[in-house]
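Hi,

Here is the structure I said I would pass on to you. Have a look at it first, and then read my notes below.

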Amino acid sequence: MDFGKESVGKIDAKTGKIKLYPTPTPNSRPRRGRVDSQDRLWFGEFRANKIAMFDPQTEQFREYLAPSPWDAPYDVAPDNKGEVWSAGISSDHVMRLDTATGQFIEYLLPAKTTIRRVFVDSSTTPATFWLGSNHGASILKVEPLDSGQKKN
């Protein structure tokens with residue numbers, strides 16, 4: 001990720017060549033993220049207030065506007081049930097994105113956390129979300145009350 005501006009890079013392991021792909025939103029300031037089971041990269045677009053996905057096979061992006069102003073998604077982690085989790089460094093919100101519908105569920109944390117890194121435990125139903133409080137010297141656990149099962 002090119003946090004200084006707006007690009008995601010792809011490195012050819014055989015040749016060492018790097019190709020940069022500008023995000024659809026200029027100056028989005030992409031940061032941290034993870035690859036899902038379909039080899040797509042999910043990441044936060046810090047300045048754009050979005051969560052984004054880059055598919056290296058199609059070389060296409062998809063962006064999702066965070067539900068609250070100034071969430072500033074910092075890190076993103078997909079679970080194995082088709083949802084993507086993030087947290088707002090500026091808002092102290094946890095965001096859960098249903099990638100099939102584009103709908104978010106947002107959870108307000110009990111205290112200021114300044115979230116920088118997130119983790120998802122997909123072995124639970126629904127997935128359990130873990131994050132560190134950057135300035136609070138604590139670890140937080142979010143356990144959603146729903147079943148995590150997709151509705152038809």
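**What I found**

In strand 12, Thr-128 is the bridge partner of Asp-121. Before going on, keep in mind that this is a predicted model, where local features need pLDDT of at least 70, side-chain atom pairs count only at pLDDT 80 or more, and totals for chains, interfaces and linings use all residues. Residues are numbered from 1 along each chain as its sequence is written, and side-chain values use heavy atoms, with hydrogens and water left out.

**The hairpin**

Strands here are DSSP runs (E, at least two residues), numbered from the N terminus. Strand 11 (residues 118–121) and strand 12 run antiparallel and are joined by four bridges; two strands pair if DSSP finds at least two bridges between them. What connects strand 11 to strand 12? A hairpin does, through six residues. Pro-126 sits in that loop between strand 11 and strand 12, and the peptide bond joining Thr-125 and Pro-126 is cis, with omega about -10°.

**The cores**

A nonpolar core is a set of buried Ala, Val, Leu, Ile, Met, Phe, Trp, Tyr and Cys residues joined through side-chain atoms within 4.5 Å. Buried means under 20% relative accessible area, exposed means over 50%, and partly exposed is in between (1.4 Å probe, protein chains only).

The largest nonpolar core has 13 residues, and Val-94, Leu-109, Val-118, Phe-129, Leu-131 and Val-142 touch the most other members. Strand 8 (83–88), strand 12 (128–133) and strand 13 (138–142) each supply at least two residues of this core. Another core lies apart from it, with 10 residues, among them Tyr-64, Met-95, Leu-97 and Phe-104.

For contacts, the rule is heavy atoms within 4.5 Å. Not counting residues up to four places away in sequence, Val-94 touches residues including Trp-85, Ser-86, Leu-109, Phe-129, Leu-131 and Val-142.

Tyr-64 is buried, because its relative accessible area is 6%. Beyond four places in sequence, the residues Tyr-64 touches include Trp-42, Ile-51, Leu-97 and Phe-104. As a sense of scale, Tyr-64 and Glu-143 are 79 residues apart in sequence and 23 Å apart in space, C-alpha to C-alpha.

**A buried serine**

Now go to Ser-86, which is in strand 8. Is Ser-86 buried or exposed? Ser-86 counts as buried because its relative accessible area is 0%. Which backbone oxygen does the side chain of Ser-86 reach? The oxygen belongs to Asp-75, at 2.7 Å. Leaving out residues up to four places away in sequence, Ser-86 also touches Ile-51, Pro-73, His-93 and Phe-129, among others.

**Rings**

The structure holds seven aromatic pairs. Rings of Phe, Tyr and Trp (its six-membered ring) pair if their centres lie within 6.5 Å; planes under 30 degrees apart count as stacked, over 60 as edge-to-face and the rest as tilted.

One of the pairs, Tyr-21 with Phe-54, is tilted, at 4.8 Å centre to centre and 45° between the planes. This pair links distant parts of the chain, with Tyr-21 in strand 2 and Phe-54 in strand 5 (residues 50–55), 33 residues apart. Tyr-21 is buried at 7% relative accessible area, and Phe-54 is buried at 3%.

Another pair, Trp-85 with Phe-129, is stacked: 5.2 Å centre to centre, 15° between the planes. Here too distant parts of the chain are linked, as Trp-85 is in strand 8 and Phe-129 in strand 12, 44 residues apart. Both Trp-85 and Phe-129 are buried.

Ring pairs also link Tyr-21, Phe-43, Phe-54 and Phe-61 into a cluster.

**Some loop residues**

Lys-17 is in the loop between strand 1 (7–11) and strand 2 (18–22). Lys-17 is exposed because its relative accessibility is 62%.

Asn-27 is not a glycine, yet its phi is positive, about 55°. Asn-27 lies in the loop between strand 2 and strand 3 (30–35). Glu-59, also not a glycine, has a positive phi near 60°, and its place is in the loop between strand 5 and strand 6.

Cheers

Technical notes:
Polar contact = N/O pair within 3.5 Å; in protein donor to acceptor, adjacent residues only side chain to side chain.
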